[in-house]
Structure formats: C-alpha cells, structure tokens
Amino acid sequence: MAEGKKPAGSGIEEQNVLPGETGTGPSDDSIINKAWNFLSSMKLGITLLLVLAVASIIGTIWVPKDPFTGQPDYLKFYNNPIFNILLALLALNLLVCSLNRWKAVKNTLQGPNVDVSENFIKSLKSSSSVKVKNEPGQTAEELKGLLKKKGYRVFSRQEGDTFKVAADRGHLGILGPYLTHLSFFVIIVAVMIKFSGLVGFDGTFAGWEGQTYSIGQTQGIQNVDPADFFDIRINNFRTEYRPDGREVKQWYSDVTVIDGLKTFDFSIYVNKPLVYKGIKFYQSSYGHQFSGKYSGPSAKDRQFNVGMQEYIQPAGTELTFVPMGYEDATKEVKFRIYKGNQWVAEDEAVLNTPYKYENAEVKFENVLSYTVLSAKKDPGVLIVGIGSILLIAGVIVSFILRQRRIWSVVTPEKGGSLVQIGGISAKDKHGLDNDLDQIIGEFK
Amino acid sequence: MDLVTLEQYSFTATFVAYMVASAIYIIYLAYKNENMARVATLATAVGFLTNSAFLVLRWKISGHPPFVNGYEFLLSFTWGIAGTYLFAEWRYNLRIIGAFVMPVAWLILAWIALKMPEQAKTASNLMPALQSNWLTIHVATAMVSYGAFALSFGTSIMYLIKQSMERNRSRSEFNKRMPSLDVLDNIGYKFIAVGFPLLSIVIISGAIWAEFAWGRYWSWDPKETWSLITWLVYAAYLHARFTYGWRGNKAAWMSIIGFAFVLFTFFGVNYFLSGLHAYGGIG
Ligand code: HEM
C-alpha cells in the first residue's frame, strides 16, 4: 500500500480543494471584502442550515390556531419575517458561495496543474515512489498509457530530463454541487416571491350547477389582467361512491371553459386540476341544496329546502332527517335519521320516491349542487419544479462522479528512473488508492 | 386459503425470520462461527422474501400500492432495511454489521405486534387525495432511502464502539473482528450518499403530489417539515465532511442524529404532532 496513508478519523483531513483554490478575490480588510467573505463562508452555510432546522422544529411544536376556525395554522410561523430573513440569507449565501467558487470550478474543469514539485507529491496523503529500469521518457509514456486506460484525462510536460504528469477523472462531478446550490437558490427565490404576494393569488371559485361565472368573480383574485378573464360554466357536480354506497371514491366538477369564441369541456377531480391561462382550479369542496316535501302525524306535505347536514323535522314526531350527500349516478339522496339525540338509521332514497320511517314520510324532489374550487396562480411553480429537477440531478451527479486526481514526477536515476506518484480524492480515496496500487504494481 | 390469511402468515413469517436473524447476528458478535452466521443471512433473505410477499399480497387485496396506512409504511420500511442490509452484506462481505441493523427491522415489527391496534392494520380504500402515482414514487423512494440511513446508523454505532475499544487498547477477539475504523466510516458515508439523493426525491415527489392534490407544493405540514429537517441535517453532515473534514467520530454522531430524525419523522410526528399526514397515521 502507498506509504503515508493514515486512517480516517486521525484528525487532519483532506478537502476537495487544494490550498489556493478557494477564496478568490483580494484579501484586504475593506468592509465590502469582509462582508463578501462572511456571506460566502461555509461556516455561515452550515450554521444557517442548522438554525433553519431548529426554527422549523419550533414551528412544528408551537402551532398557532386560526382565530376563526380553531384549526392549526401551520403557515403563520413560517411566514414570520425572521424566518424569511434566514431563508433570504441562505439564498444569498448560496449565491455568493457559488460565484466565489466559479474560478475553482473552472480550474478543475480545465484539468490539474502539471507543474508541481516532488515535495508536493510527498505531502499528499496517498503517495509513494517506485524505481523503474526504463529511462524517464519511456516510463512517462507508459504511465500516461496506464492512466488513460483507467479513464483519466492526462496532461504532461517535459522539463529537461524530468517528466511531469497530471491526470484526473470524474472532474465533471464538481458541477454537481454547483448545480445543486444554484437550483436551491432559485427555489428559495421563487418561494419567497410567491409569499411576497407580488405575483399570482390564492383564491376560491364557487358556483351552482348550470350557472356561468366570470373568473373575475373569484374570491381573492389578484395580479390577473381583466383582459385575460374568461368564463366557466359549471355543468355538473357529482360524487362517485364505492360499491358499498357509503365511501366516497371521487368528486368531479364537469365544467365548460368559455373564452370568447373558444370553448372546451373539462372534468376536474381531486389530483386533476384544470389549468387554463396559468390559473389552476382544484376540487376543494362542494354542497347540495335539497328540496321536497315531508309529512308527520300533525302536518302533511310541508315544503322543505335545506343544505347538507341541516335538519328536516316532521311535525308531531321526534325524528330528524339529515341529508348527508347525493349520488348522481343512482339519483339517491343519502341521509341519517335521528330520534331525539340518538342516531338511529342511515339510508338513501331515490328522488321523487317517498321514504317512510315510523310515522314520518319524506320525499326528496330536487337536488341542486354547487362546487367549490380553489383557484390559484403561481408562476413560480414551474421555476420551483425545474429547480427541483436540477437539484436532484446535481445531487446525483455529485455522488456518482467522484473526482480523483493524480500527479507524478519522473526523474532519471542510476540505471533507470524514479517515479514519484500521489493523488487526492475527497470522496473516493479507496478508488484512488486502488488505482495507485495497480499503477505501481505494473512498474514493479 | 384466502389472501388475507396468507398476508397474516407472511407478517408472522417475516417477524420470526427477522427475530432469528437478529438473534444469531448478536450471538455471532461473541462466538465466531461462520456456519451459524450463514443461517442468519439465510433467515434475513427468507424474511426479505416474506416481507416482499406481504407487500404484494397487500397490493392484491387493496387494489393499490401498499403505501397508505402506517402498517403498510412500516412494513415497507422494514423491507427497505432488510434489502439494504442484504446488499451491504453482499457488497462488503461483513456479516457483523447485521447485529447492528437487523434488530432495527425486528424492533419495528415487534412494535407493530405489541402496540398497533387491529383496525389500523386492515387494508382500506384510497381516499381521493391519495389516488396519485406521485404518492407511489414518494413512498417507494422513502423506503430505500430510510433503509440506507438505517444501515449508516448501524455502522456509525459500530464505529463508536470500535473507537472506544481502540482507545482502551482492547485486545478482545471482538475488537479484532470488528471492521477497521476506516472501513466503517467509509460504509457509513456511502450509504448516506445513497440515502440523501433518494430523500431529495422523496421530498420533491411529495411536493409534486401536493401540488396536484391541493395546489400547494409546500404547506409546512409537520410531516413535511420534519422530512425537510432530516434532509437539512444530512446536508449539514455532507458539508461538514467535505469542507471541514468531519469524518470518523463526528460523522458517526451526525449519522446517528440523522437517523433519530428519520425515526421521529416516522413515529414521533404522528404521536406528538398532528397534521395533514394524519391519514397516513400509525395509530
Ligand atoms: C440546503 C442547502 C444545500 C444543499 C442541499 C447542498 C448540497 C450539497 C451537496 C449535495 C454537495 C456535495 C456533497 C458531496 O459531494 O458529497 C455540496 C457540497 C458543497 N456545498 Fe452545499 N448544499 C447546500 C447549502 C450550501 C451552502 C449554504 C453552502 C455555502 C456556503 C454550501 C457550500 C458547499 C461547498 C463549498 C461544497 C463542496 C463542494 C465540493 O466538494 O466540490 N452548500 N452541497
């Protein structure tokens, strides 16, 4: 094994960059430089990652309640300016760090510097030397051949009768973290723009079956040019039940989009939003209005007109009918029956068919449905999407392409030549050591 | 025999197989006997097969990928752990790691057997929001990712044990048989290098699913947030490793902390916090 190899965890560790490759820019003490160095530092980066992690933890434990609905409001904590300043700082850190590193990345892509000293090679953690019978020129050629066969890019130079060889492989791997960082920067910026409220909106579009509405009537619509408004006709809202007739399988809103002369039909359902002119409509809620007649011992054929989960109480009975849903396919109204406070039955009745329970009778005659769609516009989604894919690509590249670099100096020696050889690999020291061992083995 | 009974048998078989494997691997720490250790590998492989059979049967019974309730998640998780472990054993030929990884899988099954109410185990229909292929990608990558983190966790524990034995200049047979610090550190890193890209895919496929279902790719729901936190911790691990040279001891501790976050995302969030993912709940 190459001499000078130390076990991991021994304290001093090699980094992926050589001294002098990092921290470009003059090292004077001006404020701008100090700020730049601070913003590009890895220390700030790791600190921010950990501070954000801790802040996020607090946000999941301390959840403010919405004052109106009493529901937990997860967004409130994270919309807090301090949290957003931390995010912005991380974005800035990533950007400055990336700009700062560009020169080092460019150098890496161009290839390792051939002009290194024998002392430099000796100082590498994986390094060794071997005596060879052939003269230096031939030995250097042989070495270059071996390196090329192993997939290295090879650079060389002759200085008198000394030959210097440098080689690397997996150099494109350095683009991986670079791509990851810039993508993450882009994602943070897109998310922050969205939360600033300067673009897009989060709204609610609701309407009855059979009616046509302009999207201008959407509650909360913003940042949309009225010239771009279009109409939506709600043709039908339907609930699809599973064969047991109770469990909901899917909710559909069948709509027609009417934009001037252009019209088309679309069925919106959960997981299948309508997207038109950058506005998305998601199935979010619904309701029904039920009308018909009911009778009890003390009053006959009274009219009712109630919504879902409202009460129909035939006079002279203790019974309450509570409509729970409606199935378009079978024209069945689903309802519950309570006696006093006791839930006594759950059943369904086809429209216009009288339904008797004890001394009461109910006839559902008509059902009118409305649908509630959440309407959104967020031009940032595409950017976040592309950023995410590039982020993943970057992460994968940085783990698959693991850079290895090798330097060698071949000098004449009595009866042949001396090969000094060593290398660096932050992520694949084992692979590098294998390569070096094999090369030395060939020479022995 | 009907599918449901068969499914129950496959759970029991997996439980027994992982238990036998864990026990033998632990005994193997003290008594070096290669034939015995081969039995542990065999038990792990059998358990992995019956664990796979469980998932396939569940898929057949419910008609959708078995990634919906806590019971299904946990059996996917143990599948990921056993699969990753078998891969690592084949790749590095180090059976001793089994003593530190397979008990994690077995303990999860033991927890199910002891604590999980019967009604939480039955196959159920998919509610509309869950009917998405992105959900399948989301959970499928999660189980491999978490399996890889579990493996790194196991080798990190081994690292700390080995290190303390080295410090005490232990001459025990056990110390001699433990892989070197260098090897343990390297394996610990390699599996994080597998788990981290997968965890990135887990988070992003989850965000895409949420965007299709609710028009909100990120809603700071606790489960979502905790998976992000886990991701940030592993990102900090990678940065500390490559820019500060935090290897060995510190890296091992970070890997252990990272896995604690994985477990909290899995169990803790459902127990201690509530959120949208409650329908993916465990209890
Ligand atoms: C959440 C945010 C971040 C993610 C997901 C991320 C991801 C990564 C990944 C995957 C690597 C490659 C690690 C490896 O090769 O094993 C990397 C390396 C690196 N990151 Fe980050 N990073 C983030 C934030 C930052 C920040 C804020 C800084 C800022 C200073 C930074 C600076 C670096 C540096 C200097 C490297 C080493 C590059 C190299 O080895 O060539 N990262 N990052």
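**Close-ups of salt bridges in a predicted model**

**View 1. A:Asp115 pairs with A:Lys164 in a salt bridge.** In this predicted model, the closest N and O atoms of A:Asp115 and A:Lys164 are 3.0 Å apart. Look for A:Asp115 in the loop between helix H4 (81-110) and helix H5 (118-123) of chain A, and for A:Lys164 in strand E3 (residues 162-169) of chain A, so the pair ties together parts that are 49 residues apart in sequence. A:Asp115 is partly exposed, at 38% relative accessible area, whereas A:Lys164 is buried, at 10%.

**View 2. A:Glu159 and A:Arg157 form a salt bridge.** Here the closest N and O atoms lie 3.3 Å apart. Both partners are partly exposed: A:Glu159 has a relative accessible area of 33%, and A:Arg157 has one of 38%.

**View 3. In chain B, the side chains of B:Arg241 and B:Asp185 meet in a salt bridge.** The N to O distance is 2.9 Å. This pair links distant parts of the chain, with B:Arg241 in helix H8 (residues 222-243) and B:Asp185 in helix H7 (residues 181-214), 56 residues apart. B:Arg241 is buried, at 3% relative accessibility, and B:Asp185 is buried too, with a relative accessible area of 6%.

**View 4. Salt bridges that share partners build one network in chain A.**

Methods: Residues are numbered from 1 along each chain as its sequence is written. Chains are lettered from A and ligands numbered from 1 in the order in which they are written. This is a predicted model: local features need pLDDT of at least 70, side-chain atom pairs count only at pLDDT 80 or more; totals for chains, interfaces and linings use all residues. Side-chain values use heavy atoms; hydrogens and water are left out. A salt bridge is a side-chain nitrogen of Lys or Arg within 4 Å of a carboxyl oxygen of Asp or Glu. Helices (H or I, at least four residues) and strands (E, at least two) are DSSP runs, numbered from the N terminus. Buried means under 20% relative accessible area, exposed over 50%, partly exposed in between (1.4 Å probe, protein chains only).
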